[in-house]
Amino acid sequence: MLCGNFALLEGYFRKNMQSSLDIQYTQPSYKHGLEEVNGEESFLKPSTDDINGKQPPYKPGLEGIAVTESSISYIDGHKGILEYRGIKIDELAKKENSNFVETVYLLIWGKLPIKEELNYFRTQILNAREINDKIQGMMRCFPDNGHPMHALQTSVGALSLFHPLHPLNEEAEVEIREAVVQLLAKIPTMVAGFHRLREGNNPIKPKNDLDYAANFLYMLTGGKPDNLEAQIMDICLMLHAEHTINASTFSALVTASTLTDPYTVITSAVGTLGGRRHGGANEEVLKMLENIDSVDNVRPYVEKCISRSQRIMGFGHRVYKVKDPRAKILQGLAEELFYLKGQDPYYKIAIELEKVVEEKLGEKGIYANVDFYSGLVYRKLGIPTDLFTPVFFHSNNTQLKKST
Ligand SMILES: CC(C)(COP(=O)(O)OP(=O)(O)OC[C@H]1O[C@@H](n2cnc3c(N)ncnc32)[C@H](O)[C@@H]1OP(=O)(O)O)[C@@H](O)C(=O)NCCC(=O)NCCS
């Protein structure tokens with residue numbers, strides 16, 4: 001999802017700041033209009049509506065409130081459609097030679113690159129993959145049992161110390177592009193590096209002849225992935241690259257509106273993505289499948305959750321009221337992987353769970369979301385469970401260009 005965050009900033013500053021971001025508190029119930037975020041006057045002030053006693057109603061979850069306009073992606077939650085710049089995600093995933101870096105280019109610059117443009121962008125990323133010794137030294141001090149999302153958040157925050165930026169403004173386009181490249185390039189190195197360090201191993205340097213997805217698996221496991229593994233990793237990154245104004249993108253938007261630097265914007269998005277109702281759900285899905293343990297236990301588990309009003313992880317979505325199109329693609333990838341590399345004992349439980357949840361909760365519009373099958377795929381690729389969300393974040397960085 002890293003990619004989705006990158007898409008946010010660039011156009012955001014070009015179009016100037018939004019004039020009003022509302023912050024709601026439940027206790028006591030005040031409404032604050034952030035009237036001006038572009039300078040000294042960015043303090044909370046009562047809005048004109050408050051003064052006239054005509055306060056707009058509180059909308060839980062900002063439901064129905066547009067926070068920005070964007071041509072980057074489009075979702076039809078009832079038809080189960082996700083498009084990046086007008087291209088359906090399933091078409092993009094199937095397209096010959098498509099890959100994550102090309103998808104990032106499409107999301108950020110609004111068109112598929114020609115060969116030279118793609119090569120230039122890939123080379124920029126390739127050349128920026130290594131991380132500074134001091135950042136690596138800092139990561140060596142992280143506790144081995146710390147969560148990788150916290151390690152990632154701290155490491156991304158530290159990048160701003162090594163790539164100082166002037167306060168962002170409408171002329172910041174060049175600096176934002178530089179930050180896009182730095183973050184895209186370095187996040188996989190930092191995620192893999194933290195994992196190696198906590199296992200007592202030295203980080204592995206990026207390998208120049210490997211592309212983005214394959215190189216990540218190599219830095220993580222020390223083994224060169226085969227073509228199928230590399231391709232599936234690539235598609236997973238593409239699927240997570242962008243998703244309109246989800247919670248982490250919204251965080252990024254709010255942080256960007258203060259005109260801080262892009263690294264800080266992405267740091268706030270990492271923090272938001274870590275929550276178990278957002279990116280953290282894929283990790284919870286595997287724990288849940290392990291906990292259910294057998295196909296026979298599925299129905300009683302679902303019934304127990306419903307009777308206790310407990311959420312079943314990997315199901316339900318704020319926008320999709322049918323099966324998430326990405327879940328369909330991920331399920332196909334999971335089947336392909338299991339067919340060629342051996343079954344996963346939890347896949348049968350997952351299939352049964354999806355069937356029973358659809359039967360019981362389908363009429364409420366609760367179906368499998370992107371996180372339901374992604375964990376099974378990641379695990380088969382050798383990615384440890386607690387790295388699932390950081391991996392999800394690799395790709396969701398185009399939020400830096402949202403709102404073009
Ligand atoms: C993603 C999520 C936060 C979206 O929630 P939402 O659209 O705001 O839906 P609400 O929280 O308003 O819930 C609507 C109803 O559906 C139920 N519901 C929503 N998701 C559910 C789930 N996963 N399992 C069981 N019931 C669920 C709620 O309990 C609620 O029931 P009620 O009307 O009887 O009170 C929610 O579906 C969820 O928590 N899912 C599990 C976590 C997950 O997989 N997250 C990854 C998202 S990609």
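Colleague: How many helices and strands does the protein have?

Modeller: The protein has 18 helices and five strands; helices (H or I, at least four residues) and strands (E, at least two) are DSSP runs, numbered from the N terminus. This is a predicted model, in which local features need pLDDT of at least 70 and side-chain atom pairs count only at pLDDT 80 or more, while totals for chains, interfaces and linings use all residues. Residues are numbered from 1 along each chain as its sequence is written.

Colleague: What percentage of the residues count as buried?

Modeller: A residue is buried if 20 or more other C-beta atoms lie within 10 Å of its own, exposed if 12 or fewer, and partly exposed in between, with C-beta atoms placed from the backbone. Here 45% of the 404 residues count as buried.

Colleague: Which residues have the most contacts inside the largest nonpolar core?

Modeller: A nonpolar core is a set of buried Ala, Val, Leu, Ile, Met, Phe, Trp, Tyr and Cys residues joined through C-beta atoms within 7 Å. The largest one has 100 residues, and Ala-213, Leu-217, Met-233, Leu-239, Leu-330 and Val-377 have the most contacts inside it. Helix α8 (residues 173-198) supplies the largest share of this core, 10 residues.

Colleague: What does Leu-330 touch?

Modeller: Two residues are in contact if their C-beta atoms, placed from the backbone, lie within 7 Å. Not counting residues up to four places away in sequence, Leu-330 touches Leu-239, Val-370, Tyr-373, Ser-374 and Val-377.

Colleague: In what order do the three strands of the open sheet stand?

Modeller: Strands of a sheet pair through backbone hydrogen bonds, either parallel or antiparallel. Two strands count as paired if DSSP finds at least two bridges between them. The order here is β3-β4-β5, with antiparallel pairing. Because β3 (73-76) and β5 (87-88) stand at the edges, each with a single partner strand, one side of each is left without a neighbour in the sheet. Four bridges join β3 to β4, and Ser-73 stands opposite Tyr-84 in β4.
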